[in-house]
Amino acid sequence: MNLSVRLGIRNLARHRWRSILTLGGVAAAVALMVWTLAFVDGWLDLMVRGATAVETGQVQVHSRAYADQPRVYRSFHADDAFLDTLTALSEVDAAAPRVKLAGLVGNERTSQVARLLGVDPTRETETTAVAEGVVEGRWLSGSPADLTRPREVVLGRGLARQLRVAPGDELVVFLEAADGSLGNDLLQVVGVLETGNSMVDRGTAYMHIEDAQWVAALDGEIHEVALRTADPELAPLAAAAVAARLEALDGAGLPEEEGLVAQPWQELLPGLSQILSVSRESYLFMYLMVYLVAAVGILNTQRMSAQERRREFGVLVAVGLAPRRLLGILVVEALVLGMLGALAGGLVGGVISWWHATAGLDLSVFTDQGGFSYMGVVFEGRIFARMSAAAVAQPVLVMLVVAVLSGLWPAWVASRIEPAPTIAGRT
Amino acid sequence: MSEPLIRAEGVTKVFRQGELEVHALRGVDLTVGVGEFSALAGPSGCGKTTLLNLIGALDEPSGGVLSVAGQDVTQLARGDAADFRLDHVGFVFQAYNLVPVLTAYENAEFTLLLRGASREERRTVVEPLLERVGLGGLFERKPHELSGGQQQRVAVVRALATSPSIVLADEPTANLDSTASAGLLDLMLELNQELGTTFLFATHDELVLERAKRVVRMLDGRVDEDIWD
Ligand SMILES: Nc1ncnc2c1ncn2[C@@H]1O[C@H](COP(=O)(O)OP(=O)(O)O)[C@@H](O)[C@H]1O
Ligand SMILES: [Mg+2]
């Protein structure tokens, strides 16, 4: 074994308790960082899923004009064949066409401004998780209600509460149609939603896309196609693939300036995207805080250890150990200390993260309500950490660098030793 | 006559302690030839250790001429001084000679390791030497598991392993009882005769002076008497 490594390990063993304390500190720092990375990754995953899964989807297609500024008349034609061309792409798992309206919903007692989403119930269910949020009644049926009956509507729970309606109750909707006329219709509540997405829960009503097209005079046209992709992280790639396909389709027959655009959620929800990058930057701050403590521990230990071995170093330099080599030996010692601690910490942190990735972490640890809402996403029950090789390897590797840097100064001081007075005991 | 191993002419050494100047050496003239078994003697503070350190390039003289093994050692850079010591000088000190966490064998091979000798090369040199000084069977012992005399023997092996031009021993017996001292010194004398290695002691131990072939008595930083056996 290399002389430096041998000396490093044996000197650690020689001062067992001091080494255990330092190693413990280093290991704790690494374990904390591993767990933090895995937990924050899991948290961000959940946020992205919460924000995109219920309504947005991972990629959306609009007309260029609508993407610029949404207006009820900025619609485009999209038939089943068009949707199937999109889902034929390997990046796209499912596609849901939508009509997006704003209107006044109410009855004889009260009324509320609401977002109205006209959807294809089957395609919507394939694309988003909204139907899983039904807490009362049911989701929209496969096809629109008989024309003699009121149109089906599913309300977000907050909206249902404000209107004081339940499944079975009737409502009236008024809105501005695409041709500028006033559209109105009779609705019947068939279900109530609670999805964890506050935008949907507080002010959205879902109806059949044909009903929405009729009331808004859209003549079979839609505003939006929401797409589901497998990995939210890769949404920009999927958006690019979709854009290429749209290009090939020649904007679905629209003139150039009214062509279609595909945007990933990172563009559609810039706030969320920003939160993500800020969270990732905050790792840096966390590293700084946690590893500073470990660095001071290593530095102190190495300083003390070198101080105790002054005479030993004096003799070694006297018999021919070059100062530069002594410096190297002591830096390797610090690295050995950091490496043992970092590996232990990586192991412990990895096991804890793995546990939280598998079993999840009960959120009632943080709040007595057992959940909370952040950025329009409700966090409830359990949150799952995300284990990745990178989340374990990075804190370990950073610690090795920190160990070398903290060992450098004590090693430098020790290597400047004057052998003669040191051996004579004059210093 | 060929160039002596050590040639000192008018060597001075002044230590500065704040305002105070300590004249440790006030002009030392001395030559030491190859194969000598000699001792620097004299009262405490007369400059023995200082002179030995200058010869071993552990420190630089303030003035004078000093060459060791044909090399001017008056102005060596730190790294060069370390290399010079590794190539030409073996040291045995009074105490703390060995690395506590290394075994007797590992301590003994340390200088050869620094020279980059292979495991096999180290073994062929160190093993017989350790056997020779009576440490056969104690290779794996740590310094604290050895007696004071045994520790000094390990230091002697480490000093001799690189076949140095000279072994400098500063009070090597000061921490030993008389039996251990006598044993160590007899061994060093035998090695001097067997290997032809030059030994220079700094000591006031009578046991050393009895065995030395030449005693250089110092007084107040100068050579006072130079007595050949
Ligand atoms: N590094 C130093 N700083 C100041 N004075 C020193 C130093 N080294 C030695 N001296 C002084 O030099 C003189 C000679 O010391 P030394 O060579 O150790 O004597 P000896 O070995 O003969 O006992 C003494 O007065 C001692 O105090
Ligand atoms: Mg002395």
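The model is predicted, with local features needing pLDDT of at least 70, side-chain atom pairs counting only at pLDDT 80 or more, and totals for chains, interfaces and linings using all residues. Residues are numbered from 1 along each chain as its sequence is written, chains are lettered from A and ligands numbered from 1 in the order written, and side-chain values use heavy atoms, without hydrogens and water.

**View 1. Ligand 1 lies between chains A and B.** The ligand has 13 residues around it, where near means a heavy atom within 4 Å, and those that come nearest are A:Arg426, B:Gly45, B:Lys48, B:Thr49 and B:Thr50. By class, this shell holds five nonpolar, six polar and two charged residues; Ala, Val, Leu, Ile, Met, Phe, Trp, Tyr, Cys and Pro count as nonpolar, Asp, Glu, Lys and Arg as charged, and the others, Gly among them, as polar.

**View 2. Oxygen atoms of ligand 1 face polar atoms of chain B.** A polar contact is a pair of N or O atoms within 3.5 Å. A polar side-chain atom of B:Thr50 is 2.5 Å from a ligand oxygen.

**View 3. Elements of chain B contribute to the shell around ligand 1.** Two or more residues each come from β1 (6-17), β2 (20-32) and α1 (48-55) of chain B. The most come from α1(B), with three residues. Helices (H or I, at least four residues) and strands (E, at least two) are DSSP runs, numbered from the N terminus.

**View 4. Chain A is divided into two domains.** Domain 1 spans 2-52 + 272-424, and domain 2 spans 59-228; the bounds come from an automatic or database domain assignment. Their centres, taken over C-alpha atoms, are 52 Å apart.

Key. A polar contact is a pair of N or O atoms within 3.5 Å; within protein, one must be able to donate a hydrogen and the other to accept it, and residues adjacent in sequence count only if both atoms are side-chain atoms.
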